[in-house]
Amino acid sequence: EKRQVSHYIFSYPAMAEFARTGMQSDHFFAMRPYTPAERRQILQTLRDNMAGNPFFHLYFAKDDALSFQMEITCYEGLGVLMLNADTSYTLGDDLSETLITEENFTNLFISYFQEELIPNHVHSPKESLALMDQLLFALPRE
């Protein structure tokens, strides 16, 4: 229900793996797998926001678009956070998060996101919605 525009780019294979197994990686590595009903609720909520919330934009990356596996988050007014997508947070493992707070870098990243990634490396909103529908259709029924 927030009223600030947000844009998300997801990997379709990673989202399909979540839909199939209910497992997440990264920050949620210690959680139990989501049940099929919980997965359906999560994906349906994302789908509903994709279709009806003008402030929420979720895109699936094109297959060849983003070969790197990074999580990149832009906290506008604060900076750009980057980390490996499959960070386990096990205390004995290497962990690297980078927060770049330099204003010019943040502005350049926002421009790159808006002018290069969105127009050239993701499926259109309509195509992304159809891909989300495929995920929902493939979920097992309870």
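User: What should I know about the ground rules before we start?

Analyst: This is a predicted model, where local features need pLDDT of at least 70 and side-chain atom pairs count only at pLDDT 80 or more, while totals for chains, interfaces and linings use all residues. Residues are numbered from 1 along each chain as its sequence is written, and side-chain values use heavy atoms, with hydrogens and water left out.

User: What makes up the chain, and in which order do the elements run?

Analyst: The chain has four helices and five strands, running β-α-α-β-β-β-β-α-α from the N terminus. Helices (H or I, at least four residues) and strands (E, at least two) are DSSP runs, numbered from the N terminus.

User: Why is Phe56 called buried?

Analyst: Buried means under 20% relative accessible area, exposed over 50%, and partly exposed in between (1.4 Å probe, protein chains only). Phe56 has 15% relative accessibility, so the residue counts as buried. Tyr8, at 30%, is therefore partly exposed. Across the chain, buried residues make up 27% of the 142 residues.

User: Why is the pair of Tyr8 and Phe56 called tilted?

Analyst: Rings of Phe, Tyr and Trp (its six-membered ring) pair if their centres lie within 6.5 Å; planes under 30 degrees apart count as stacked, over 60 as edge-to-face and the rest as tilted. A search of the whole structure finds five aromatic pairs. In one of them, Tyr8 and Phe56 are 5.3 Å apart centre to centre with 40° between the planes, a tilted pair. Tyr8 lies in strand E1 (residues 6–10) and Phe56 in strand E2 (residues 56–60), so this pair ties together parts that are 48 residues apart in sequence. Ring pairs also link Tyr8, Phe10 and Phe56 into a cluster.

User: How do you know that Phe109 and Phe113 are a tilted pair too?

Analyst: Their centres are 6.2 Å apart and their planes make 45°, which gives a tilted pair. Phe109 and Phe113 are four residues apart in helix H3 (residues 103–121), so about one helical turn separates them. Phe109 has a relative accessible area of 13%, so this residue is buried; Phe113, at 16%, therefore counts as buried as well.

User: What makes a set of residues a nonpolar core, and which residues have the most contacts inside the largest one?

Analyst: A nonpolar core is a set of buried Ala, Val, Leu, Ile, Met, Phe, Trp, Tyr and Cys residues joined through side-chain atoms within 4.5 Å. The largest has 16 residues, and those with the most contacts inside it are Met15, Leu43, Leu46, Leu58, Phe60, Met132 and Leu135. Helix H1 (12–21), H2, E2 and helix H4 (125–138) each give two or more residues to this core, with H4 supplying the largest share, five residues.

User: Which residues does Phe60 touch?

Analyst: Contact means heavy atoms within 4.5 Å. Not counting residues up to four places away in sequence, Phe60 touches residues including Phe10, Met15, Val122, Met132 and Leu135.
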